Amino acid sequence: MSPEISKHIRHAALVFTVLTLSALLLYTATDSNRLSSGSFSSSSFATIFPSYFNYSSSSNPTQELEEILKNASMVNNTVILTTLNDAWARTGSIVDLFLKSFMLGDGTRKLLDHLVIVSLDERAYNRCRIVHKHCYALVTEGVGFHQEAYFMTPQYLKMMWRRIDFLRTVLELGYSFVFTDADILWFRDPFPRFFPDADFQISCDNYLGRPEDMNNSPNGGFNYVKSNSRSIAFYKFWYSSRETYPGYHDQDVLNKIKSDQMITKIGLKIRFLDTAYFGGLCEPSRDLNVVCTMHVNCCIGMDRKLHDLNLMLQDWRAFMSLPPDLKNQSVISWRVPRNCRYFSPLSIYNVLCPTFSLQKWLLSFREYVTVSILYDIPIPAPPKMDVKEEGED
């Protein structure tokens, strides 16, 4: 082959390569535009994030979940679970403060290895893959995660009950779990504070002093559940009770069934967690020397939650910087609730309804102002309440 012909061949090959690369780049840019505009197909999303759709169309839909749980589990088959949607997944939002608390807590950093973030929509899953290593996409049949599901709408209720059913699946796979809302900050390892012989342990909005007292007001945002036949039967009963109490979300139904005879028949051992260790804005944990978690409950509005979460992290940093002798003197306490303080049910109760049953007040308050763990939306005016004098039923 003459040098001239060889030169032309090399030139043609170079042109072909440049054109091929240009076409590839153009295709990639076009595909990216479709992604950013939201006008992409399920197959396109599955190509980029295969775990988002593969398990839902698989002949074994729990296969990916089982693999993720196995990778995240402790030696005793226990995992930490939280749920996340787009509103709480955005940069600088709830999830960033949630994860930061593990980094700043006393002995909590290692627990991140066992945390699985269950994403409820595409954007949350996308963000999870950036900030964490154990991510699972929970698909709810008939609910499009690209659209907002507002608090107490049929779509919202379907997702909440899907979560209870999902947790039952986790138990059936043989995994115990700590479920935590993402607006809970972790400051210490909670496991030493759990009861060793209980099946189902749950935090409280209002703790009355005894862990077995069924009059405690549970908060479904934090619970520790052991995988056994009793807990599985309980979650099935809890899930089926949505039909007995239509229009209620999972936490309100739990309040209605916690003393049901079926619980006794199942043999489930329930314990309520002391707010001294597992506090919240409803009832803060006062002693920073023993606090494990703090929940921004009894708070309405994303901005208020973010403000008080940041304030809590600042208080914790200040406490951890103290020498041991000053820590023991409890010279630092929480400055929260601050922006959330006007929405504490206890403060409103003390001012407006001093003669109304505290237990009934808390239940009524929660029914009308319980903030979606997913979405930040306006809350309507409270319903009228019949305030009875002391001594009346």
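Predicted model: local features only at pLDDT ≥ 70, side-chain atom pairs only at ≥ 80, totals over all residues.
The protein chain contains 15 helices and ten strands. Of its 393 residues, 50% count as buried. Among contacts in the chain with a separation of 6 or more, 68% are accounted for by residues 24 or more positions apart.

Strands of a sheet pair through backbone hydrogen bonds, in either a parallel or an antiparallel sense. An open sheet is formed by three strands in the order S5-S10-S9, with mixed pairing. Strand S5 (184-186) and strand S9 (278-280) stand at the edges and have a single partner strand each, so one side of each is left without a neighbour in the sheet. From one strand to the next, the twist averages 20°. The pairing of S9 with strand S10 (residues 293-295) is in the parallel sense and runs over three bridges. Within this pairing, Phe 278 is placed opposite Thr 293 in S10. Cys 292 has a relative accessibility of 2% and therefore counts as buried, the cut-off being under 20%.

Strand S6 (residues 200-206) is mostly covered, with seven of its seven residues buried. Cys 204 has a relative accessible area of 4% and is therefore buried. S6 is joined by six bridges to strand S7 (residues 217-225), and the two run antiparallel. The bridge partner of Gln 201 in S7 is Tyr 224. S6 also pairs with strand S8 (residues 270-272), here in the parallel sense and over three bridges. Opposite Phe 200 stands Ile 270 in S8.

The structure holds three disulfides. When the bonded cysteines of the protein chain are numbered in sequence order, the pairing reads 1-2, 3-4, 5-6. Cys 128 and Cys 135 are both buried.

A further disulfide joins Cys 282 to Cys 298, with an S to S distance of 1.7 Å. The torsion about the S-S bond of Cys 282 and Cys 298 is about 90°, which makes the disulfide right-handed. Cys 282 lies in the loop between S9 and S10, while Cys 298 lies in the loop between S10 and helix H12 (302-320); the pair therefore ties together parts that are 16 residues apart in sequence. Both Cys 282 and Cys 298 are buried.

Cys 299 and Cys 340 also form a disulfide, with their sulfur atoms 1.9 Å apart. The torsion about the S-S bond of Cys 299 and Cys 340 is about -55°, so the disulfide is left-handed. This pair links distant parts of the chain, 41 residues apart: Cys 299 is in the loop between S10 and H12, and Cys 340 is in the loop between helix H13 (324-328) and helix H14 (345-352). Cys 299 counts as buried at 2% relative accessibility, and Cys 340 is buried with a relative accessible area of 1%.

Leu 112 lies in the loop between helix H6 (94-104) and strand S2 (115-119). With a relative accessible area of 13%, Leu 112 is buried. Not counting residues up to four places away in sequence, Leu 112 touches Leu 99, Phe 102, Met 103, His 132 and His 134. The C-alpha atoms of Leu 112 and Lys 133 are separated by 9.1 Å, and the two residues are 21 residues apart along the chain.

Terms used. Residues numbered from 1 in each chain as written. Heavy atoms only, no water. Helix = DSSP H or I, 4+ residues; strand = E, 2+ residues; numbered from the N terminus. Buried < 20%, exposed > 50% of the residue type's maximum accessible area, 1.4 Å probe, protein only. Contact = heavy atoms within 4.5 Å. Pairing = 2+ DSSP bridges. Axes fitted to C-alpha atoms, helices over the stretch in contact; angles between N-to-C directions. Disulfide = S-S within 2.5 Å.
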